[in-house]
Each structure stands twice: as C-alpha cells, then as structure tokens.
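Here is a short report for a reader new to this structure. Please look over the sequence and the model before reading on.

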Amino acid sequence: SLIAMPWWKFNLLIISCYLVVNMIFACIYYIVGFDGLGGMVSTTSQDKFWEAFFFSAQSLTTVGYGRINPIGTGDSVVATIESMVGLLGFALATGLLYGRFSRPVVKILYSKKALVAPYRDMTGFMIRIANKRRNELIEVEAAMLFSHVEQDNGKEIRRFEFLNLELKKINVLSTSWTVVHPIDDNSPLSGMKPDDFQKRQVELMLMVKGFDESFSQNVYSRSSYRYDEIEYGAKFVPVVNPGPQGSLILELDKIHDYEKAVLEPVS
C-alpha cells in the first residue's frame, strides 16, 4: 500500500509520522524532566516543551546543533533510543522512496465504453487502449475474459471464459490499439442481444501485459466493463490522424469517442 498509494498521500503520511514521533518524544522529555537537558534558555513550561520538541527533531535526524544536550541519565537514555528510532525510520522511508521511484508504472488509457461494432462481415466486441506515457511499450499482449451468470439446476453460477482475439500481441504500442473479439459462431457472445447482457450480468475484463523499455521490466494493467458499460451498435471514432512531414498525431482526448453504427441483425 505504501508503494502504490498516490504521492500526496505518501508525502502526507511521512510528514505526519515525523511530527507525531517528535511530539511523542517531546512528551517523554517532559515526563522525565527538563532538568536533564542542558542549554535550555526558556523559562515557562510551554516554551521548554517546544525546545524539547525541536531537540527531539535534532536527535531523530542526528543533526545535533549542540545548544541543548542531555546531561541527565534519563534524558540521555531517551535520546539514545530516539537516535536509533530515527536511523531505522529514515532507512525505512528511504527504502520506500526508492521503491516508489524504481517501480515501473504503466499508464494505459482505456476507452470508457466497450463496443459491439461492425467487424468485417459480422460484428465484434471492441475495446480501445493507448499508452499515456512517452515511453515505449513493446511486445504488448492482451487477454479478454468473459464473465456471465447462468442457471445451473436452479442456481445462479458465474462462469468465466477467455475470448479469442483478432490480435493477441503487437510489437509496439506507439499509438492506439483496438482490441477486437470477433463474434462468430464459436463466440460466447454469438446471438446475444442488448437485453441479454443485463440479464446475464455480463462483465468483460481486459488484461494487458507489456515490456517497459525505460525500466526494462514487464508491466501489467487491466480494466473491466460491466453490462451497463457496453454500447451495442456503435464504432470508435478515429484518433490517429496524419500530421506534418509524414508524422502521426494521436488525439488521446478522443479515445472514448464513438458514433452509432448499423449492425447485422441478430437471429
């Protein structure tokens, strides 16, 4: 969880832990007594507490500016324990920070809707994806899992089945890729009408695997589509257009766009 959580949560957690630990040790110094801390210039208990708090921060980080120093046995023991807690805590925080930076993060953009669209002389189930990062994903593989509920001896049982794809693997995901499952006679979606998707509580999951050149590691991503996220009788709007000097322009903001299309009648 600490590796995968958003950066703002991670930073907030680290700062909060740092402040809480220093506050705890400042309270311990207060209980042990400020007489064991030499170099204090404050006269009130409140000001002495905050001096102990900042001394705790110096001990925890092993900075040690030198004005305040433990002279009593109790405060010396507390400072010794705090130094060890600081070393272990910052070692743990450094490991987590390195793990977050070194972990490959794949950012694949999935179309908000999956479509049942015209495909050659039949229909196909389509999901469009694109790489949001500037790095290259090579040897990209896709697998589509079909899940639905059916009656078995009067009981509802959810079944799972992998679907055949037009292309299971592409060499490079440089622009966009429309993953297509041809709905032929052998497809579990064959003959299904729009109402059947809801009656059978259909859900389809797309799993994507690729090799990230930046990190030299395999990366994984997945997304799922319930029956209410499937658009029947539509096709995606093109997102790749020719640019200047023979280049290609990928319009990621249009990856979710589609338009209505006429399908072959389902018998």
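The sections below go through a surface patch, a strand with its partners, a histidine and the salt bridges.

## Basis

This is a predicted model, in which local features need pLDDT of at least 70 and side-chain atom pairs count only at pLDDT 80 or more, while totals for chains, interfaces and linings use all residues. Residues are numbered from 1 along each chain as its sequence is written, and side-chain values use heavy atoms, with hydrogens and water left out.

## A nonpolar patch

Val77, Ile81, Met84, Val85 and Leu88 make a nonpolar surface patch of about 440 Å². Patch members have over 30% relative accessible area and no salt bridge; nonpolar side chains (Val, Leu, Ile, Met, Phe, Trp, Tyr) are joined within 5 Å, and like charges within 9 Å. Areas come from the Shrake-Rupley method with a 1.4 Å probe, and for residues only the protein chains shown count as cover.

Valine 85 sits in helix α3, residues 73-102. Helices (H or I, at least four residues) and strands (E, at least two) are DSSP runs, numbered from the N terminus. Valine 85 is partly exposed, because its relative accessibility is 34%. Buried means under 20% relative accessible area, exposed over 50%, and partly exposed in between (1.4 Å probe, protein chains only).

Strand β4 spans residues 114-119. Why is β4 largely enclosed by the rest of the structure? Five of its six residues are buried.

β4 pairs with two strands named here; pairing requires that DSSP finds at least two bridges between them. With β12 (residues 230-232), β4 pairs in the parallel sense over three bridges. There, valine 116 stands opposite tyrosine 232. With β5 (residues 122-131), the sense is antiparallel, over five bridges. Leucine 115 has methionine 126 of β5 as its bridge partner. The hairpin of β4 and β5 has two residues between the strands, and arginine 120 takes a positive phi near 55° in this hairpin.

## Histidine 148

Strand β6, residues 137-152, holds histidine 148. Is histidine 148 buried or exposed? Histidine 148 is buried, because its relative accessible area is 6%.

Its side chain makes a polar contact with the side chain of arginine 200, at 3.2 Å. A polar contact is a pair of N or O atoms within 3.5 Å; within protein, one must be able to donate a hydrogen and the other to accept it, and residues adjacent in sequence count only if both atoms are side-chain atoms. Leaving out residues up to four places away in sequence, histidine 148 touches Ile157, Arg158, Arg159, Arg200, Gln201 and Val202. Contact here means heavy atoms within 4.5 Å.

## Salt bridges

How many salt bridges does a search of the whole structure find? The search finds eight. Each is a side-chain nitrogen of Lys or Arg within 4 Å of a carboxyl oxygen of Asp or Glu.

Arginine 159 bridges to glutamate 150, with the closest N and O atoms 2.9 Å apart. Arginine 159 also bridges to aspartate 152, at 3.1 Å. Glutamate 150 is partly exposed at 31% relative accessibility, arginine 159 at 33% and aspartate 152 at 27%. Another salt bridge joins lysine 254 and glutamate 251, at 3.4 Å. Shared partners join Glu150, Asp152 and Arg159 into one network of salt bridges.
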